[in-house]
Structures are given as structure tokens and as C-alpha cells.
Number of protein chains: 2
Amino acid sequence: MKEIKGGITAVKGIRASGISCGIKKTGKKDLALIVSEAEASVAGVFTENRIKAAPVILSQKNIKKGKARGVIVNSGNANACMGKTGYRHAEEMVDLTAKTLGISPEKILVASTGVIGDSLPIEKIKKGIPALVKKLSRIGGMDAAEAIMTTDIVSKVAAVEYKYGRVSIRIGGIAKGSGMIYPRLATMLSFITTDIAISPKLLNIALKESADKSFNMITVDGDTSTNDTVLILANGLAGNKMITDRNSKEFTLFVEALNHVTTALARMIVRDGEGATKFVEINVKKAKKIEDAKKIALSIANSNLVKTALFGEDPNWGRIVSAAGNSGVKFDSDKIKLSIGKVVVFENGSGVKGDWERNVRGVMREKDITITLDLGIGHEEAKVWTTDLSYDYVKINGSYRS
Amino acid sequence: MKEIKGGITAVKGIRASGISCGIKKTGKKDLALIVSEAEASVAGVFTENRIKAAPVILSQKNIKKGKARGVIVNSGNANACMGKTGYRHAEEMVDLTAKTLGISPEKILVASTGVIGDSLPIEKIKKGIPALVKKLSRIGGMDAAEAIMTTDIVSKVAAVEYKYGRVSIRIGGIAKGSGMIYPRLATMLSFITTDIAISPKLLNIALKESADKSFNMITVDGDTSTNDTVLILANGLAGNKMITDRNSKEFTLFVEALNHVTTALARMIVRDGEGATKFVEINVKKAKKIEDAKKIALSIANSNLVKTALFGEDPNWGRIVSAAGNSGVKFDSDKIKLSIGKVVVFENGSGVKGDWERNVRGVMREKDITITLDLGIGHEEAKVWTTDLSYDYVKINGSYRS
């Protein structure tokens with residue numbers, strides 16, 4: 001497996017485009033389209049928020065048959081909490097895209113991201129769609145990646161290629177993230193394409209497994225949005241024999257390669273988290289159950305006190321231990337060992353003696369910090385990626401709509 | 001019932017003191033003592049964090065027989081995560097206090113608050129205790145209130161008096177809070193005294209009920225500390241007949257008066273939350289169950305996106321609705337009605353039309369803001385008090401130990 005350039009359009013038979021249709025006042029790109037020339041198996045993972053945006057509801061409907069041709073996405077407006085009007089707007093986006101492409105509307109999926117509760121400027125979008133379709137190209141993946149951004153500073157793109165026998169398979173992905181990133185589908189969008197031939201059922205299994213190890217393991221502020229969507233299209237143009245066996249070597253290889261793409265995108269999302277000055281890996285080891293390790297890692301990652309200490313480069317391990325204790329998971333404080341970077345700061349029930357603080361100061365000043373909590377009671381582990389909580393987080397989110 | 005001055009020492013037979021023994025580098029008061037001249041019924045509520053500080057463990061042990069004479073408290077150091085040394089230090093605090101007062105150590109409770117993981121400067125405390133005992137007085141409640149503060153800006157003191165028949169009963173309380181305030185016993189300390197005669201069993205019931213409506217309904221940043229402690233001493237000097245019946249009028253009256261004190265202290269804690277520029281009441285109404293209402297209110301109150309929007313005076317109701325949707329509680333978005341102040345901003349499944357934003361701008365600029373979410377499906381409600389998330393929160397918590 002090797003990393004390649006080109007993102008979603010590195011994949012056979014995938015064209016994409018991204019334009020500005022005027023939703024964003026800044027004139028930045030805000031409308032993206034991804035189209036597969038052959039009908040593709042499709043799978044999706046969506047927000048678990050009780051309040052689902054209209055495009056999520058419509059995509060969940062259109063995905064049911066497991067086949068799709070494309071995805072239309074806008075940024076700058078979430079089309080959430082807009083009642084029946086919102087749903088009609090999502091339908092209009094899909095209908096006009098389908099009509100312009102000359103395909104059935106049930107084969108088009110839709111996603112939106114941006115401010116919640118403002119009416120979608122549907123006329124602008126409708127005016128934009130013909131131009132968007134016209135711009136579709138085999139190098140349009142980068143434009144699409146830009147057009148789905150909101151407070152993201154950089155676009156997020158990844159792609160890999162691997163061989164199975166004589167067949168060369170490609171997987172490409174784009175994502176947008178920034179604030180509100182949290183498991184149960186972190187507030188984010190990601191669109192993945194691949195030319196592998198795989199049944200919708202197995203594609204769904206692969207995507208869920210992969211999301212659980214990537215997008216569901218990142219957190220910026222613990223909030224889950226109304227719009228979270230991850231979609232994957234697999235158009236079969238690589239020419240492999242259709243994968244239908246979950247226990248096959250082909251399936252395992254595909255999931256590995258997919259994990260590489262989703263993990264890369266997830267890490268990029270965290271690195272570009274709103275106001276982030278640190279990239280922090282929380283690694284909880286030797287737990288009795290994976291779920292326990294995950295709960296503790298998330299409790300640490302979502303603690304504002306831990307996050308502000310990281311921002312202040314303060315090796316305040318008491319807050320980390322306290323946040324672990326807040327997770328609701330049972331463990332024995334006499335058995336745990338906490339390290340910041342490679343420096344052990346807590347073991348045998350108390351802080352270590354000596355000059356640990358001087359050793360750890362350097363670690364705290366790094367941009368990338370790893371916190372490892374060894375529970376000493378089992379064999380399971382979980383890794384969560386997160387950021388610090390900075391002045392800029394407050395600034396960005398205190399004035400998001402102005 | 002009327003509010004009176006004097007806090008904990010407004011109560012018959014209660015003396016208190018607060019001094020500086022040198023734990024805080026600033027020279028501010030850091031050691032407090034509360035003593036009842038008669039043996040008192042005692043009850044406590046403690047942190048549910050898996051990691052419990054040594055003084056919590058010792059107080060939980062000493063409280064078991066339901067009788068106590070006093071409480072020694074230090075600020076500036078939490079005596080948490082210090083292993084066996086920490087527990088020995090807590091014992092030494094209790095032992096020396098008891099000895100100096102000439103009473104049994106099992107009758108003394110202990111609490112600590114401050115930085116986690118630094119060794120308690122026990123020699124300074126031991127030098128301070130004789131002076132602290134000497135300063136005990138019937139007007140020392142204010143000094144004690146000051147001596148338990150950490151990042152608190154103001155001391156928190158409340159007291160009430162009410163009559164039952166010919167007997168006049170008083171209840172006084174002090175508290176400290178600021179960061180890390182969260183239910184399951186918000187990271188805070190509170191000490192309450194009363195001269196009512198009541199059995200330890202009923203005192204315990206009264207305190208738990210009262211804490212659930214006050215200290216457990218406030219949140220600043222969703223973290224629960226290792227040291228949270230609420231203690232109440234009831235010394236019986238008011239001269240009423242000992243209350244032993246939960247269904248008695250006397251008990252109901254007492255709980256009402258106690259609620260008045262705990263609610264007042266809880267609101268003071270929120271108002272003084274770290275970096276708080278707003279006091280926000282989240283009121284969830286017409287839920288099916290109280291627990292549902294509470295979960296939703298806390299999900300809104302603990303959302304960093306809602307908190308930063310409040311700081312930015314941005315009436316971003318989409319974040320409030322989204323946070324409610326994140327609570328895990330089922331409700332119907334078409335039935336909910338959301339108001340900021342008295343202005344309805346969301347109903348019938350979407351944002352209201354017209355000039356709501358102009359009307360709500362004024363509300364957002366107020367220091368006190370009430371957010372009301374009507375679920376429209378039941379008859380239960382819950383109120384949670386919280387603050388916004390400001391630059392100063394990040395500043396205070398990014399440099400807490402420097």
C-alpha cells in the first residue's frame with residue numbers, strides 16, 4: 001500500500017468539482033459535487049444526534065438500496081432545524097443535480113455543513129448546480145475538498161493505492177472538521193471513493209469498522225452535530241472480482257487500506273481543530289475492556305481542565321488522573337501509571353518524586369503530545385486524538401456567526 | 001423564614017476561625033476551623049470521582065457514626081493523589097486539631113482544596129492549628145469562608161432563621177467553588193451548621209435531597225473533582241424536640257429552609273465561576289421524567305459551543321437545540337419550543353420567522369440569561385445553573401499552577 005496524490009479523484013471513474021455559488025459571504029467555494037461514472041455500492045455513517053439535519057434524513061433514505069452515483073454538498077449553511085422547508089430544499093438540491101446529470105434522483109446523496117437555523121439560500125445553489133456539473137473533472141477532487149470547508153484552515157485529502165493480485169485498487173477521501181468534533185460521529189463530513197468491487201453489505205461493515213477506529217476516536221469539544229455524515233462510494237472499476245465474503249483476504253486488505261485513509265483524515269481534522277495549538281494522543285492501555293479504555297480516554301480528552309492545562313503547557317497530571325476518575329469506569333488508583341511523553345509522572349498511587357517536572361516541561365512545549373495511562377488490570381487499549389482549549393477556540397466560537 | 005447575617009456562626013453554639021498558615025504563597029487565609037460546642041448530628045455528601053482525595057476518605061470514615069464536633073479545612077493544596085503519605089497527612093491534621101481542642105479525633109472531619117498532586121505542607125498546617133484554635137469565635141464564620149477559597153473571587157455565605165412553634169431555628173452555610181463545578185457533587189466544598197435537633201439518619205436524608213436540588217444542579221465545566229465535600233452539623237441547641245419522623249411538618253420545614261441556604265450558595269458558586277461573564281439558567285420543562293429534563297439541561301449547560309456563544313452574546317439557538325439532541329434523551333423536534341429570555345426562537349420544528357434576532361440581542365447582553373426549553377411531552381422539569389466560557393476561563397485554567 002502506498003500513499004498517492006489526487007484524493008477522491010485519484011480513483012478510477014470518479015469526477016468532482018467545487019465552486020462558489022454565493023452562500024459564503026467571503027466568496028470562498030461552497031458547493032461540491034462528486035460523481036461516479038459507474039453505479040457504485042454505497043454506505044454511510046450518520047450523526048446520532050436526536051436532531052438530524054434535512055440532508056441527513058434524505059441521504060439516509062436514498063442510501064437504503066445500497067447504490068448511488070454521486071453526492072452534492074454545500075458548506076456555509078447546515079440546512080438544519082428548518083422544518084419542512086429544509087427537507088424540501090434538500091430534495092431540490094438532489095433533484096436538480098440528478099436532472100442536470102441525467103440520472104435518477106434516488107442515486108444522489110446530499111450533505112450540508114455550516115450555521116444551523118438559517119434558511120438555505122436554495123436559489124443560489126440552484127443557479128450554481130449547472131456550473132458545478134460543467135466543472136466536473138478527473139482533477140476536481142481538490143476543489144471539492146475546499147468547497148466543503150467551514151472554519152477549517154486547511155483542506156483534508158488522503159488517498160492510497162494497493163495491489164491485490166494483478167488488480168490495483170485505489171481509495172481516496174476528503175473531509176472537513178474543525179469545531180464540534182466528537183465520537184458518535186464527530187461533527188464532520190467525509191466522502192470516500194474507491195474503485196474496488198464490493199457488495200453494499202460488506203462496504204457498510206468496512207465503513208463502520210473503519211469509522212470506529214478513526215472518526216469516532218477524535219474529539220475537539222465533545223459536541224456532536226446535527227449534520228455528521230461519512231459516505232463511501234465503491235464503483236467496481238478496478239476490475240477485481242466482487243468481494244462478498246467478510247472472512248476473505250481481499251476484505252481484510254481493503255479494510256486495512258480504508259483505515260489508513262480514514263485515520264489520516266481523522267488526524268488532519270484534529271490537527272485543524274478550532275483554535276488548536278496542540279495535537280494530543282490519549283492512549284489508555286491495559287484496561288479490562290476496550291469500552292473502558294475508550295471511556296477513560298474520552299473523559300480525559302473532553303475535560304476542559306485538561307485541555308486548558310495543555311494549552312498553558314502545564315503538566316498538571318492531577319487533572320488527568322481526576323478526569324480518568326470521572327469516566328465512570330472502575331480502576332485502582334494504586335495500579336495506574338501515567339506518562340506524559342515518555343516521562344512517568346504518577347505511579348503507585350501518587351506523583352513520582354524527583355525532577356519529573358523539569359523533564360516534562362520540554363514535552364509540554366512540543367506541538368504533539370502523547371499522554372499514556374496504563375491501568376495495569378487487563379490487556380485492552382484505546383487511542384483518542386484531541387486538541388487543547390485555547391483563547392482562539394473561544395474567539396472562533398464566540399463570534400461564529402458574525 | 002428570613003435571611004440573616006453571620007453565616008455558619010449565626011447558629012447557636014458554633015464557633016469558627018480562619019487564618020493564613022503559609023500554604024498559599026500570596027499570604028491569603030488558607031486554614032479554617034468550625035467547632036460545635038455540643039456534639040452534633042452529622043451528614044455528608046462526597047465526590048463520586050473514582051479518585052478520592054485522602055481527606056475525603058478520612059471524613060467518610062469518621063462520619064459513619066453520625067456524630068461530630070468540628071471540621072478542619074485547608075485551601076491551596078488538595079492533598080489528592082499522594083498515596084499513603086496523603087492519608088497520613090489528613091490524619092495528622094485531624095489528630096492535632098482534636099488534641100488541641102481536647103476532643104476525640106473521630107469527632108473531627110477534614111477537607112482540602114487546591115492543587116492536586118503536590119505534597120501537603122503539613123508542618124505549616126501543624127504550626128497553624130494552635131493559632132487557629134485560639135482564634136475560634138462566634139464571629140469567625142466570615143474568616144472561615146475566606147480561608148476555604150481558591151480561585152473564588154468572593155466568599156460565599158448564607159444563613160436563615162425560621163420559627164417552629166416557640167423555637168427559633170437557624171441554618172448557616174459557607175461554600176467555595178469556581179472551576180470544575182459539576183453535578184455528582186460539583187467540585188466544591190460547603191459546610192453547613194444548624195442548631196436544630198435532628199437524628200443523623202434524617203439529617204442525611206435532608207442533606208441528600210437538598211444537594212440534589214442545589215449543588216448537583218450547577219455546572220461550570222463538567223468536571224467533578226477528587227475533593228468535593230458537603231458537610232452539615234446539627235447540634236440541637238435550638239431546643240426543639242429531636243426530629244425523627246420523615247413525614248413530620250418539622251422535617252418538611254427544615255428541608256425547605258436548608259434548600260434556601262444550599263440553593264443560595266450554589267447560585268453564588270456559579271456566579272463566581274472561573275472567568276464567568278454570564279449567569280445562565282437552563283430550564284427544561286414538560287419532560288416525561290425529571291431525569292430526562294436534567295440530562296437535557298446538563299447537555300446544554302456543558303456544551304462548549306453553547307457556552308462560547310453565550311460569551312459572544314450570539315443567540316445561536318441551533319447550538320442549543322443540537323446540544324439537547326446530544327443528550328441521549330428521546331424527544332420530538334416538532335414539539336419543542338425554545339425561548340431565550342422571553343423571546344421564542346424555535347418552535348414547530350424550525351426557527352421562528354421575523355424579527356426575533358433583534359428582540360433577543362438585548363436579552364443576550366444581560367448578565368443573567370434564562371434559556372427555556374419546553375419539550376411539550378410531559379409534566380416534569382429541571383433547572384440547571386451555569387456560566388459562559390470566556391477567554392478568562394482559559395487563562396485561569398491554562399496557568400493555574402504558575
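Predicted model: local features only at pLDDT ≥ 70, side-chain atom pairs only at ≥ 80, totals over all residues.
**Entry 1: surroundings of A:Asn79**

Leaving aside residues up to four places away in sequence, A:Asn79 touches A:Ala53, A:Ala54, A:Pro55, A:Gly86, A:His89, A:Ala90, A:Ser112 and A:Leu120. I then placed A:Asn79 in the chain: A:Asn79 sits in the loop between strand E4 (67-77) and helix H2 (83-101) of chain A.

Is A:Asn79 buried or exposed? I find 32 C-beta neighbours inside 10 Å, so A:Asn79 counts as buried, the cut-off being 20 or more. I also checked one C-alpha to C-alpha distance, that from A:Asn79 to A:Thr113: the two are 7.5 Å apart in space and 34 residues apart in sequence.

**Entry 2: chain A as a whole**

I took the secondary structure of chain A next and found eleven helices and 16 strands. Along the principal axes, the C-alpha atoms of chain A fill a box of roughly 70 × 55 × 35 Å.

I then turned to burial and contact range. Of the 402 residues in chain A, 60% are buried. Taking contacts in chain A between residues at least 6 apart in sequence, I find that 81% join residues at least 24 apart.

**Entry 3: the two domains of chain A**

I noted the division of chain A into domain 1 (2-271) and domain 2 (279-398). Their centres, taken over C-alpha atoms, are separated by 33 Å. In the contact between them, domain 1 of chain A supplies twelve residues and domain 2 of chain A supplies eleven residues.

Which elements give two or more residues to the domain 1 side of this contact? I find strand E9 (218-219) and helix H6 (249-271) of chain A. The largest share of that side comes from H6(A), with four residues. By residue class, the domain 1 side divides into six nonpolar, four polar and two charged residues.

**Entry 4: helix H6 of chain A**

H6(A) has 23 residues and reaches 33 Å from its first C-alpha to its last, close to the 33 Å expected at 1.5 Å a residue. The buried residues of H6(A) include A:Glu250, A:Phe254, A:Asn259, A:His260, A:Thr262, A:Leu265 and A:Val270.

**Entry 5: helix H5 of chain B**

I carried out a similar check on helix H5 (residues 200-212) of chain B. At 1.5 Å a residue, its 13 residues should span 18 Å, and the end C-alpha atoms are 18 Å apart, which agrees. Buried in H5(B) are B:Leu202, B:Leu203, B:Ala206, B:Leu207, B:Ser210 and B:Ala211. These residues cover an arc of only 165° around the axis, so they lie on the same side of H5(B). What covers them includes strand E3 (31-46), strand E10 (229-234) and helix H6 (249-271) of chain B.

**Entry 6: contact between chains B and A**

Lastly I looked up the interface and found 54 residues of chain B in contact with 54 residues of chain A. On the chain B side, the elements giving two or more residues are helix H2 (83-101), helix H8 (304-311), helix H9 (317-325), strand E14 (350-351) and helix H11 (391-398) of chain B. The largest share, seven residues, comes from H9(B). I recorded the make-up of the chain B side as 19 nonpolar, 28 polar and seven charged residues.

Technical notes:
Residues numbered from 1 in each chain as written. Chains lettered and ligands numbered in written order. Contact = placed C-beta atoms within 7 Å. Nonpolar A, V, L, I, M, F, W, Y, C, P; charged D, E, K, R; others polar. Buried ≥ 20, exposed ≤ 12 C-beta atoms within 10 Å, placed from the backbone. Domains from an automatic or database assignment. Expected span 1.5 Å × (residues − 1). Arc of directions from axis to C-beta.
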